[in-house]
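The entries follow the order in which I looked things up.

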Amino acid sequence: MDGSGYRCGMRPQDTRALNAVVCVVPLAAPAPDYVQRFAPELRHDRASNGYPMSAQVFYEAMKNYRAGAFRVENTDRATLASGAIPTYYQVRMIGRQTRINYWWFSAYQHACFAGQGSHNGDWEHVTVILTEDRSAVAAVSYYQHGDHYTRIAGPRAAPCTPDGVGRCSGPRGFPMNGTHPVVYSGKYAHGSYHDSNSFGPPGPTECAQFGDYRNPASSADYLQSWRNLVDLDGNQEPWINDDRTASWAWGPDGMSTHPTQRSPVDAEHAASCTGSAMFGVANAGCYQSECLAGDDQAFDTCLKECKSDYTNMGLTCNKGRCPWEWSVYARNKYNFNYKIPAQDAGLIRRRNTGSEWNLP
């Protein structure tokens with residue numbers, strides 16, 4: 001036991017299961033109410049090879065590793081409901097807006113096809129953006145190994161142009177379980193998504209950004225992350241302090257993702273999405289991002305809403321009587337990797353002041 005009160009020891013006869021490490025974790029201050037209230041429900045594929053676990057368990061095994069085979073992972077689905085699995089979080093403010101990163105640590109990613117894609121130390125996360133008054137979720141950004149896309153809450157009355165095409169082809173926004181955003185975890189690569197995916201062609205798409213399977217069977221596949229929240233700005237688990245200045249990889253043949261070094265307000269989390277509109281393959285995330293609230297979604301662009309005294313005519317905004325007092329302007333277009341607004345306008349409500357028309 002060190003000065004923090006944390007005690008952890010490996011059982012050498014078993015390094016595959018979550019209970020391979022016996023730990024006593026010090027008490028910590030509870031997470032803020034809004035962090036608990038809007039923490040995601042993480043839903044896993046019914047045939048997942050592994051589940052999240054404590055990063056400290058893995059960290060202790062990694063420090064004791066010398067040579068030879070290395071494998072630490074949680075393969076016990078029952079731990080999802082037990083409350084034993086930590087969800088790591090970090091809160092940052094932009095003005096009055098609150099953004100929260102929620103992270104999960106999977107110790108091992110299995111190969112997707114032909115032995116490709118396997119590695120240790122698999123961190124994945126989402127960013128939950130709250131309304132200015134912290135009364136609701138305004139948007140969620142979903143991440144998959146560096147790629148990501150953003151879904152917008154709030155009014156979705158603006159029509160698609162045309163409806164049923166491209167980004168307008170599926171349900172809008174993101175699902176909720178009460179106050180908790182529902183997040184689907186990929187079967188192989190553990191990426192985070194706003195919807196399920198029960199079928200895809202075999203091969204490379206199984207590990208692709210939007211092609212991974214995510215098909216839960218029942219609530220037994222759900223992790224209620226608000227039951228065990230660990231602050232990445234605290235010191236509840238000793239690995240957190242070491243991670244803040246780390247440049248090492250998480251395990252032999254592991255990833256170098258360090259969640260303490262990736263703030264919810266850094267450049268990575270500022271834009272809405274990256275990638276291309278190629279459904280089902282790598283870098284497809286931009287295809288799943290949405291336009292700001294009030295704007296129309298076209299196949300490959302967003303069309304900014306018409307000002308309040310103009311009528312939406314599709315590609316133009318019109319007012320007055322022709323030919324007298326007639327005014328028309330083409331609707332501004334923007335693409336899907338816009339900077340996420342740091343205010344409610346554009347996220348949960350439409351623009352209503354002059355300065356808000358500068359969005360996105």
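I took buried to mean under 20% relative accessible area, exposed over 50%, and partly exposed in between (1.4 Å probe, protein chains only). The model is predicted: local features need pLDDT of at least 70, side-chain atom pairs count only at pLDDT 80 or more, and totals for chains, interfaces and linings use all residues. Residues are numbered from 1 along each chain as its sequence is written, and side-chain values use heavy atoms, with hydrogens and water left out.

Entry on terms. Strands are DSSP runs (E, at least two residues), numbered from the N terminus; two of them pair if DSSP finds at least two bridges between them.

Entry on the sheet. I found six strands in an open sheet of mixed pairing, ordered β8-β7-β6-β5-β4-β13. Its edge strands, β8 (147-152) and β13 (229-231), each pair on one side only. Neighbouring strands are turned by 25° against each other on average, direction ignored, with axes fitted as lines to C-alpha atoms.

Entry on β4 and β5. Strand β4 (residues 87-94) pairs with β5 (residues 97-109) in the antiparallel sense over seven bridges. I noted Y102 in β5 as the bridge partner of Y89.

Entry on β6. How many residues of β6 (residues 119-130) are buried? I counted 12 of its 12. The antiparallel pairing of β5 with β6 spans 10 bridges, and W104 has E124 in β6 as its bridge partner.

Entry on β7. Strand β7 (residues 137-144) runs antiparallel to β6, joined by five bridges; A139 in β7 is the bridge partner of I129. The two strands form a hairpin with six residues between them, and R134 in the turn has a positive phi of about 60°.

Technical notes
Helix = DSSP H or I, 4+ residues; strand = E, 2+ residues; numbered from the N terminus. Axes fitted to C-alpha atoms, helices over the stretch in contact; angles between N-to-C directions.
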